Amino acid sequence: MNFELTEEHIAVREAAREFAQSELLPGVIERDTQAIFPKEQVQKMGELGFLGMMVDPKYNGGGMDTISYVLAMEELSKIDASASVAMSVNNSLVCWGLEKYGTEEQKEKYLKPLAAGEILGAFCLSEPEAGSDATSQRTEAVLNGDHYILNGTKNWITNGSSASVYLVIAQTHPELGHKGISVFIVEKGWDGFVVGKKEDKLGIRGSDTHSLMFSDVKVPVENRIGEEGFGFTYAMETLNGGRIGIAAQALGIAAGAYELALAYSKERKAFGKAISQHQAIQFKLADMATQIEAARLLVHKAAWLKDQGEDYAHASAIAKLYASQVAMDVTVEAIQVHGGYGYVKEYHVERLMRDAKITQIYEGTSEIQKIVISRGILR
Ligand code: CAA
Ligand code: FAD
């Protein structure tokens with residue numbers, strides 16, 4: 001593994017950093033407080049190519065590698081994790097699978113506008129009664145001539161109201177367990193498809209998380225991705241890559257909090273000197289820097305394995321498990337370095353702490369990552 005970034009990697013990181021500072025930072029506190037989706041910002045991210053970074057240019061993508069993607073995710077997540085999760089879902093959970101397993105017609109119709117950032121996508125696996133236990137889902141698609149009839153409810157869907165295209169995982173043969181699950185492309189606006197209420201959340205408050213209801217929605221057969229029964233494997237493979245994106249998000253949240261704590265520690269004076277001159281604060285900064293460096297190496301290793309065409313399921317679970325714990329630990333300590341100022345919105349670190357928590361829950365909780373990792377070890 002080469003630890004050196006290419007000139008292209010550095011340029012992507014700089015572009016993302018510049019965008020985060022100039023476009024995401026203004027208004028981020030207000031968007032968090034009022035739970036406003038960063039619509040204009042995400043639109044601009046699309047125009048700059050952040051929403052289809054790894055897609056082949058022939059489908060309007062950026063043709064970049066996964067290292068470039070995690071570098072951009074880290075930089076954007078330092079400032080606004082609500083914007084970066086929209087990007088992560090579109091890249092990893094929507095574009096990736098459509099490009100790998102979609103038909104040419106599906107790519108032409110859906111992947112091209114998604115990769116260009118003209119529209120947003122959503123990935124719909126979780127249900128009210130089935131989150132970690134994803135095979136227990138109840139949403140059902142019954143074949144009826146040249147279309148399926150889709151019924152059920154999906155929960156917690158990121159980009160729930162802002163998306164135009166939804167990848168919906170549903171049972172086609174419930175009696176076959178996970179081998180009876182399929183995946184479909186569903187468009188917003190189809191009869192019987194209703195976007196439910198927006199969740200009022202602890203963190204990533206700008207992200208639009210919704211339940212979705214499907215009541216006798218007609219889905220054309222040509223909107224099924226892959227064969228019948230392929231849906232669960234499709235979802236698991238998709239999440240193997242998605243977890244690299246969320247690990248990079250967690251890394252960015254941690255690194256953002258650390259950068260703020262470092263700067264503040266040099267400014268704030270107590271007992272006649274900057275608090276950075278007190279060893280207790282120095283040791284906190286040393287611990288944070290060490291944890292962040294280790295998380296970054298794990299994230300880059302998983303991304304690198306994916307770029308090499310190697311198996312990355314194990315590495316992505318390890319990266320997500322570790323980076324999400326680092327995000328929690330570092331953001332809590334960043335508040336401590338700020339003292340009372342860390343506890344108020346103006347200084348950003350309390351938001352980063354609230355945002356950090358979701359990285360231990362979505363795309364598989366930390367307990368699920370441990371199941372994936374231990375199964376890999378014991379296989
Ligand atoms: N990669 C590829 N295939 C996998 C896989 C992986 N990581 N994990 C399981 N599979 C395959 C297995 O090989 C098996 O296939 P075969 O029978 O053909 O061999 C099949 O899937 C079933 O596997 P298991 O028997 O291991 O299934 P299980 O019921 O024990 O569950 C699990 C396994 C890992 C716990 C899985 O259910 C899981 O990952 N749950 C978490 C769900 C999740 O991450 N949801 C995220 C929703 S999206 C989201 O959250 C987005 C967002 O917030 C932004
Ligand atoms: P449960 O599965 O009920 O878990 C409850 C607790 O039990 C957890 O601590 C869990 O780790 C633990 N647990 C469960 N099973 C085991 C086990 N076998 N061993 C040990 N511990 C276990 N889903 C989507 O499909 N698409 C999205 O876009 C999406 N976005 C989301 C956005 C947000 C803000 C949130 C909160 C969730 C989102 N999710 C999405 C859903 C998310 O993936 C699930 O919340 C997550 O997988 C956990 O499922 P659950 O909430 O049903 O918890």
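Me: Around ligand 1, which residues count as nonpolar, charged or polar, and how many of each class are in the shell?
Reply: Ala, Val, Leu, Ile, Met, Phe, Trp, Tyr, Cys and Pro count as nonpolar, Asp, Glu, Lys and Arg as charged, and the others, Gly among them, as polar. The model is predicted. By these classes, the shell around ligand 1 holds two charged, eight polar and 13 nonpolar residues.

Me: What is the mean pLDDT of the chain?
Reply: The model scores pTM 0.98 and ipTM 0.98. In the chain, 100% of residues reach a pLDDT of 70 or more. The mean is 98.

Me: Which residues come nearest to ligand 1?
Reply: A residue joins the shell if its C-beta atom, placed from the backbone, lies within 6 Å. There are 23 such residues around ligand 1. The nearest are A134, T158, M236, Y362 and G364.

Me: Which element gives the largest share of the shell around ligand 1?
Reply: Elements giving two or more residues to this shell are α5 (81-101), α7 (231-267) and α11 (366-378). The largest share is six residues, and it comes from α7.

Me: From which domains does the shell around ligand 1 draw at least three residues each?
Reply: The chain is divided into domain 1 (7-120), domain 2 (122-231) and domain 3 (239-378). The shell takes at least three residues from each of two of these, domain 2 and domain 3.

Me: How many residues of domain 3 are in contact with domain 1?
Reply: The centres of domain 1 and domain 3, taken over C-alpha atoms, are 21 Å apart. On the domain 1 side, 23 residues are in contact. On the domain 3 side, the number is 22.

Me: Which helix gives the most to the side of domain 1 that touches domain 3?
Reply: At least two residues each come from α2 (28-34), α4 (66-79) and α5. By class, this side has eleven nonpolar, seven polar and five charged residues. The top contribution is eleven residues, from α4.

Me: What percentage of residues 6-118 is helix?
Reply: UniProt lists this span in an unreviewed entry as "domain: Acyl-CoA dehydrogenase/oxidase N-terminal". Its end C-alpha atoms are 29 Å apart.

Me: How far apart are the end C-alpha atoms of residues 231-377?
Reply: For this span, the unreviewed UniProt entry gives "domain: Acyl-CoA dehydrogenase/oxidase C-terminal". The span is 78% helix and 3% strand. The end C-alpha atoms are separated by 25 Å.

How values were computed
Residues numbered from 1 in each chain as written. Chains lettered and ligands numbered in written order. Predicted model: local features only at pLDDT ≥ 70, side-chain atom pairs only at ≥ 80, totals over all residues. pLDDT = per-residue confidence, 0-100. UniProt positions renumbered as here; feature names shortened; annotations may be inferred. Helix = DSSP H or I, 4+ residues; strand = E, 2+ residues; numbered from the N terminus. Domains from an automatic or database assignment. Contact = placed C-beta atoms within 7 Å.
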